[in-house]
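Biologist: I'd like to learn how to read a few features off a model. Can you take me through them one by one?

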Amino acid sequence: RLILDLEVFANRQLSFYICFDFENQPRKVTAINNAISQLGYLLERKNCSVKVIKLPGKEKGVDDFITAKGAEAFEQVYNQSMSLEVYIAQTKPHIDLTITPSVTINQSYLDKICLPSTGLVGVKSAKGTGKTTRLQAVVEEAKNRCQPILLITHRILLGKFLCEKIGIRWGIHPENQSSSSSCSPIKSFGLCVDSLWKLNPQDWQGAIVILDEVEQSLWHLLNSNTCKNKRIKILSVFQQLIATVVKTGGLVIAQDADLSDVSLEYLQGLAGDKITPWVLVNKWKPKRGWDVTFYDSPNPTPLIHQLELDLITGKKCYVTTDSRTGRYSCETIEDYLQNRLYKLKRQFPHSLVVSSQTTNTPAHPAIECLSAINQKITDYDMVIVTPSLGTGISIDVQHFDRVYGIFQGVIPDSEARQ
């Protein structure tokens with residue numbers, strides 16, 4: 001709780017600017033970030049506006065900075081202050097990868113990058129740089145060595161897409177478990193995190209385990225409701241699987257555009273041995289970003305209204321949501337737009353909903369669309385999708401005029417960006 005001296009001011013709901021001394025020692029920086037977060041949280045609970053001022057250094061405190069640089073210099077720093085929410089987002093540790101990379105490159109595509117054949121490998125490279133395509137060579141070499149491959153992901157559609165791309169089967173079939181030969185193609189397959197409990201870790205000695213989009217997969221493993229009933233069993237099997245693979249000369253590949261210390265250190269802990277991960281960091285970034293408009297509100301109605309206007313004017317829209325059902329889900333949004341345009345005597349655009357339900361409904365157009373997404377998606381004026389379509393699937397054709405994202409906090413920010 002706030003000390004009494006601060007509580008007097010906080011009760012008046014004033015605006016607070018927090019400015020701690022400049023520090024560059026990692027332990028002290030962490031302590032300062034924690035202190036700012038805690039103080040800011042307590043002030044916001046009192047309905048106070050909180051902003052954070054960051055001193056650029058090398059001067060230690062505000063008085064030192066003003067003495068050395070002058071009041072105008074401090075006014076510039078003051079004007080650059082950020083909200084507490086933005087400050088925490090920029091300083092929270094889980095977004096960083098501070099493990100010293102084994103290889104650092106700067107190229108737009110991962111071509112002819114040689115990975116180790118054993119141990120724990122981490123690959124951090126921007127979206128669209130060919131991380132998944134690079135796996136094709138790894139899988140082909142493993143097949144030539146009769147080395148089994150297991151791909152683990154958090155989305156069924158993503159898993160099917162990846163397995164088709166790298167040349168292995170999707171899902172556990174009776175013949176997967178009955179085959180005794182590691183050279184058999186049915187010994188290699190992909191599956192969803194939710195099905196890990198069905199595996200026998202000892203069957204994967206010396207294997208290659210691929211964790212594509214590892215940040216989202218581990219989040220799903222630890223937080224998803226779909227794992228809730230069997231989470232203890234899933235976690236136990238996953239730990240034994242990683243430990244077995246690493247200790248028997250196998251390879252664990254963890255790759256993600258947002259790869260962080262948290263994921264690699266978690267996998268290190270599961271391995272049981274004090275292994276040092278081999279890390280590849282690709283520093284290449286696109287030269288031009290996207291023009292993005294944020295609707296920072298718990299109520300996305302203004303955003304949906306803008307979507308309605310765009311459809312009326314004939315624009316082709318791609319809409320991604322974080323849930324299939326609910327107040328602002330893909331189904332609700334489609335129903336609302338249909339009713340609105342009908343009342344306005346406007347023709348409803350040719351639309352498609354891609355969700356776990358539509359992709360598992362026989363003969364549904366969503367299934368045909370996903371089988372050749374870049375050829376079929378141009379048939380639609382509006383496509384509304386859930387997280388079942390996102391990570392690992394690339395829409396390369398220039399077709400849509402607008403892309404909308406309506407997120408209510410169901411999925412992590414890394415998956416929302418995908």
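Predicted model: local features only at pLDDT ≥ 70, side-chain atom pairs only at ≥ 80, totals over all residues.

Biologist: Is Gln255 buried or exposed?

Modeller: For that you look at relative accessibility, and buried means under 20%. Gln255 comes out at 3%, so it counts as buried.

Biologist: What does the side chain of Gln255 join up with through a polar contact?

Modeller: Its partner is the side chain of Asp212, at 2.8 Å. Leaving out residues up to four places away in sequence, Gln255 also touches a set of residues that includes Val123, Lys131, Leu135, Asp212 and Glu213.

Biologist: Let's turn to cavities. How many of 30 Å³ or more does the structure hold?

Modeller: One. The largest cavity has about 50 Å³ of space.

Biologist: Which residues line the largest cavity?

Modeller: Gln255 is back again, along with Leu110, Ile113, Leu115, Val123, Lys131, Arg134, Leu135 and Leu280. Sorted by class, that lining has six nonpolar residues, one polar and two charged.

Biologist: Which helix gives the most to that lining?

Modeller: Helix H6, residues 131–144, with three residues.

Biologist: Next topic, salt bridges. What's the general idea?

Modeller: Side chains of opposite charge can pair when their charged atoms come close. This structure holds nine salt bridges. Take Lys69 and Glu59, whose side chains meet in one at 3.7 Å, N to O. Lys69 sits in helix H3 (residues 62–69) and Glu59 in the loop between strand E2 (49–52) and H3, so the pair ties together parts that are ten residues apart in sequence.

Biologist: Which residue meets Arg340 in a salt bridge?

Modeller: Glu308 does, with 3.0 Å from N to O between the side chains. That pair links distant parts of the chain: Arg340 is in helix H13 (residues 330–343) and Glu308 in helix H12 (residues 301–312), 32 residues apart. Arg340 is partly exposed, with a relative accessible area of 31%, whereas Glu308 is buried, with 2%.

Biologist: And what does Asp310 form a salt bridge with?

Modeller: With Arg402, where the closest N and O atoms are 3.5 Å apart. Asp310 belongs to helix H12 and Arg402 to strand E15 (residues 402–406), so this bridge ties together parts that are 92 residues apart in sequence. Asp310 counts as buried at 4% relative accessibility, and Arg402 is partly exposed at 35%. There's also a network: salt bridges that share partners join Arg1, Glu7 and Lys46.

Biologist: Now the backbone. Where is there a cis peptide bond?

Modeller: Omega is the angle to read here. Going from Gly57 to Lys58, omega is near 0 degrees, and that peptide bond is cis.

Biologist: What about phi? Which residues have a positive phi although they are not a glycine?

Modeller: Gln13 is one of them, with a phi of about 55 degrees. You'll find Gln13 in the loop between helix H1 (4–10) and strand E1 (15–18). Glu213 also has a positive phi of about 55 degrees without being a glycine. Glu213 lies in the loop between strand E9 (208–212) and helix H9 (214–223), and at 6% relative accessibility it counts as buried.

Biologist: Could we finish with a helix? Which residues of helix H11 are buried?

Modeller: H11 covers residues 261–271, and its buried residues are Asp261, Ser263, Leu264, Leu267, Leu270 and Ala271.

Biologist: What covers those buried residues of H11?

Modeller: The cover includes strand E5 (119–124), E9, H9, helix H10 (231–247), E10 and strand E11 (278–282). E10 is the strand where Gln255 lies.

Biologist: What is the phi of Gly272, the residue that follows H11?

Modeller: Positive, near 85 degrees.

Terms used
Residues numbered from 1 in each chain as written. Heavy atoms only, no water. Helix = DSSP H or I, 4+ residues; strand = E, 2+ residues; numbered from the N terminus. Buried < 20%, exposed > 50% of the residue type's maximum accessible area, 1.4 Å probe, protein only. Polar contact = N/O pair within 3.5 Å; in protein donor to acceptor, adjacent residues only side chain to side chain. Contact = heavy atoms within 4.5 Å. 1 Å grid on protein atoms, 1.4 Å probe; cavity = no way out; pocket = protein on both sides within 12 Å on 5 of 7 lines; lining within 4 Å. Points joined across faces, edges and corners; volume = space filled by probe spheres on them. Nonpolar A, V, L, I, M, F, W, Y, C, P; charged D, E, K, R; others polar. Salt bridge = Lys/Arg side-chain N within 4 Å of Asp/Glu carboxyl O.
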